Amino acid sequence: MMIYGVFFKDNNMTRFANFCAGPATMPTAVLERAQAEMLDWQGLGASVMEVSHRGADYIEMAQKAEADLRKLMGISDEYAVLFLQGGATLQFSAIPLNLMNGGTADYLETGTWSNKAYKEAKRYESLGLGQVNLVATGSETQFSDVPDPSTWQLTEGASYFHYCPNETIHGVQMFDVPTVEAPIVADMSSCILSEPISVDKFGVIYAGAQKNIGPAGLTLVIIRKDLLDQASAWCPMIMSYKNQHTNDSMLNTPSTYAWYLSGLVFEWLLEQGGVEAIAKVNRAKADALYAAIDGSDFYDNKVNPKYRSIMNVPFHLADDSLDKLFVEESKKAGLLNLKGHRAVGGMRASIYNAITLEQVQSLTAFMAEFERKHG
Ligand SMILES: *Cc1c(COP(=O)(O)O)cnc(C)c1O
């Protein structure tokens, strides 16, 4: 068996090409740095996870991570950046609790994640927090397409408009920010930092870190400061954006190690040339993979080409009885975690920032060989 995916070998350790949707692969250089600093961080004789989050060393690191993120994404002083816990899923509750404010919240449904956000917000209607309106759904096309904006049922004067620019499971990405009047709230868990965006177009951007940034346990919230002050009386203290902002995201103990590792990833991204540079690599990776899929009758991606994700690429084999074999053989070839999500079936390659073009080319080479042998 040819091994396609070995990209790092040191003594007895091997790292393979890992296409996991999340928690996802991280840059090897970042892990090596964390390893080197593990026992003794900044000469303190202790690791970063063994020191107080209120100490000067930790706070300096935390502030640098925020400054680097601001530089990478072009985040102005009009926005607060919060480093929270609870994953993107806790934000599904935090958003209505902080922003619904007695009005109507508009939700666009383009896949599993925006559906979950919508359903969670809907629960708060009965508390009298406001109304939740489904603007449009892509469910009739099994989420292989985005409903045409001309059909969206938008609410005039809505409290906010929520959507998910990149549906991680269905591989559907909206590259244009919707033109709506309400403040836009975007779940960018699987596309944050993958390409340049205009933060100014958004009211709130949130993302779990474990897809395109770092380890699980950290959730980023970027929020326009004028939206900080609308929380319902029901909003738990720890979920209040205003409270977290006032306390520099340290209302209680933050996810200290995840914050540190994410900071290392931000430094790594800056070294790569920033988001503009990584976006070019991401385009090249996605182009190579979609070209391999489209160039074969054996592989198929069902998403409207206009909305094909550059981060998560689901694909099906012509004969799904070969799925199990594909997963087994790809794993043996050093290409990990290609099994698709059960909601969609088939395969999925998540090709986040830490995946290289070379690794994607290894995948397409393996796919061609698999088709030759079994197609
Ligand atoms: C993974 C994912 C989530 C869930 O994230 P958790 O941090 O596990 O709560 C939500 N939205 C999107 C788009 C995701 O990819």
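**The annotated binding-site residues**

UniProt, in an unreviewed entry, lists A88, T89, W113, T168, D187, Q210, N252 and T253 under "binding site". These residues are spread over 166 residues of sequence and are also spread in space, with up to 30.3 Å between C-alpha atoms. Of these residues, Q210 is included in the lining of the largest cavity. A cavity here is a set of points, on a 1 Å grid over the protein atoms alone, where a 1.4 Å probe fits but cannot get out, and lining residues have an atom within 4 Å of a point. UniProt positions are given in the numbering used here, feature names are shortened, and annotations may be inferred rather than shown by experiment.

The model is predicted: local features need pLDDT of at least 70, side-chain atom pairs count only at pLDDT 80 or more, and totals for chains, interfaces and linings use all residues. Residues are numbered from 1 along each chain as its sequence is written, and side-chain values use heavy atoms, with hydrogens and water left out.

A88 lies in helix α3, residues 87-99; helices are DSSP runs (H or I, at least four residues), numbered from the N terminus. A88 counts as buried because its relative accessibility is 13%, where buried means under 20% relative accessible area, exposed over 50%, and partly exposed in between (1.4 Å probe, protein chains only). Leaving aside residues up to four places away in sequence, A88 touches D187, S189, Y206, G208 and T219; contact means heavy atoms within 4.5 Å.

T253 sits in the loop between α5 (241-246) and α6 (256-271). With a relative accessible area of 46%, T253 is partly exposed. Its contacts, not counting residues up to four places away in sequence, are H53 and Q85.

R54 is placed in the loop between α1 and α2 and is partly exposed, at a relative accessible area of 48%. Beyond residues up to four places away in sequence, R54 touches I59, M250 and L251.

L39 is likewise found in the loop between α1 (28-36) and α2 (56-73), and L39 counts as exposed because its relative accessibility is 73%.

How values were computed
On a 1 Å grid over the protein atoms alone, a cavity is a set of points where a 1.4 Å probe fits but cannot get out, and a pocket is an open set with protein on both sides within 12 Å along at least five of seven lines; lining residues have an atom within 4 Å of a point. Helices (H or I, at least four residues) and strands (E, at least two) are DSSP runs, numbered from the N terminus.
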